[in-house]
Amino acid sequence: NEYVEYIKEKNEMKRIKSNLLLIENNEKKLLWEYEVLYQRLNNMKQERDSIKDILTTSIYDIKQKNSFKSLLLEKKIKALLHIQEEKEAQLNEVLNKANLDPTELNQVKGEIPDIVTNKNNQLKLYQNEVVRLNNLQSDFNNNVINIMREYGLHVEELGFVLPTSNTRNDNNEINV
C-alpha cells in the first residue's frame with residue numbers, strides 16, 4: 001500500500017515537474033517576446049521623433065519660401081502700380097504741355113487703354129500666382145496633418161502653428 005502511494009506521489013511529482021518546466025519555458029518565451037516588443041517600441045519612437053523633426057524642418061522651409069515668394073509678388077504688384085501711376089501722370093503732363101491737335105490727342109489716349117489693359121492682365125497674373133502659392137501652402141499643411149495622423153501624432157506636438165494662407169482679393173485694376 002505504501003509502495004502504491006509512493007508510485008502515485010512520484011508520478012504526481014513528475015507531472016508537476018513537467019508542468020513547472022512548461023511554465024518556466026512559457027515565461028522565458030514571454031520575457032523574450034516582451035524584450036523584442038519593447039525594443040521595437042523604442043525603435044518606432046525614435047523613427048517617429050525623426051519623422052517629426054523632418055516634418056518640422058520641411059514645414060519651416062516651405063513656410064519661409066512661400067512667405068518670401070508672396071512678399072516678392074506683392075512688392076512687384078505695388079511697384080508696377082506705382083510705376084503705372086507715375087507714367088500716367090507723366091503722360092498727362094506731356095499731353096497737356098504739347099498742345100496737340102484734339103484728333104492726335106484722342107489717338108494717343110486711345111492707346112492708353114490698351115496699355116492699361118496689358119498692365120491689368122499682368123497684375124492679374126501676379127495675383128493668381130499669389131493665390132496659387134497660398135493654395136500650395138494650404139495643400140502642404142493638409143498633407144502634413146494627414147501624415148502626422150498616420151503616425152499617431154497631433155499637430156499640437158509640432159511646437160508651432162502651421163502657417164495659413166493669406167488670400168487677398170484686392171482688385172487693383174486701373175480703369176481709364
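View 1. A cavity, on a 1 Å grid over the protein atoms alone, is a set of points where a 1.4 Å probe fits but cannot get out, and lining residues have an atom within 4 Å of a point. Welcome to this predicted model, in which local features need pLDDT of at least 70, side-chain atom pairs count only at pLDDT 80 or more, and totals for chains, interfaces and linings use all residues. Residues are numbered from 1 along each chain as its sequence is written, and side-chain values use heavy atoms, with hydrogens and water left out. Searching the whole structure turns up 1 cavity of 30 Å³ or more. The largest cavity holds about 40 Å³ of space, a volume being the space filled by probe spheres set on the grid points. Its lining is made of L80, L81, Q84, K119, N120 and L123. Helices α1 and α2 are the elements that give two or more residues to this lining.

**View 2. The whole chain, for orientation.** Zooming out for a moment, you will find 2 helices and 0 strands in the chain (DSSP runs numbered from the N terminus, H or I over at least four residues for helices, E over at least two for strands). Helix α1 covers residues 2-98, while helix α2 covers residues 102-150. Of the 176 residues in the chain, 17% are buried (under 20% relative accessible area, with exposed over 50% and partly exposed in between, for a 1.4 Å probe and protein chains only). The chain exposes about 14,100 Å², and carbon and sulfur atoms supply 54% of that area (Shrake-Rupley method, 1.4 Å probe). Take the contacts between residues at least 6 apart in sequence: 84% of them join residues at least 24 apart (heavy atoms within 4.5 Å).

View 3. The chain has 3 salt bridges in total (a side-chain nitrogen of Lys or Arg within 4 Å of a carboxyl oxygen of Asp or Glu). In this view, E12 and R15 form a salt bridge whose closest N and O atoms are 2.4 Å apart. The two residues sit 3 residues apart in helix α1, so about one helical turn separates E12 from R15. E12 is partly exposed at 33% relative accessible area, and R15 is partly exposed too, at 42%.

**View 4. The R48 and D49 pair.** Here R48 and D49 make a salt bridge, with 3.1 Å between the closest N and O atoms. Relative accessibility is 35% for D49, which counts as partly exposed. R48, at 31%, also counts as partly exposed.

**View 5. The E129 and R132 pair in helix α2.** A salt bridge links R132 to E129, and its closest N and O atoms lie 2.7 Å apart. About one helical turn separates R132 and E129, because they are 3 residues apart in helix α2. R132 is partly exposed at 40% relative accessibility, as is E129 at 27%.

**View 6. A nonpolar patch on the surface.** Look for Y34, Y38 and L41, which together form a nonpolar patch with about 330 Å² of accessible area (residues with over 30% relative accessible area and no salt bridge, nonpolar side chains being joined within 5 Å). L41 belongs to helix α1 and counts as partly exposed at 40% relative accessibility.

View 7. T56 is buried, with 15% relative accessibility, and I59 is buried at 0%. Although T56 and L158 are 102 residues apart in sequence, their C-alpha atoms are 6.6 Å apart in space. I59 and L158 are 99 residues apart along the chain, and 9.8 Å separates their C-alpha atoms.

Technical notes. Patches are made of residues with over 30% relative accessible area and no salt bridge: like charges are joined within 9 Å, nonpolar side chains (Val, Leu, Ile, Met, Phe, Trp, Tyr) within 5 Å. On a 1 Å grid over the protein atoms alone, a cavity is a set of points where a 1.4 Å probe fits but cannot get out, and a pocket is an open set with protein on both sides within 12 Å along at least five of seven lines; lining residues have an atom within 4 Å of a point.
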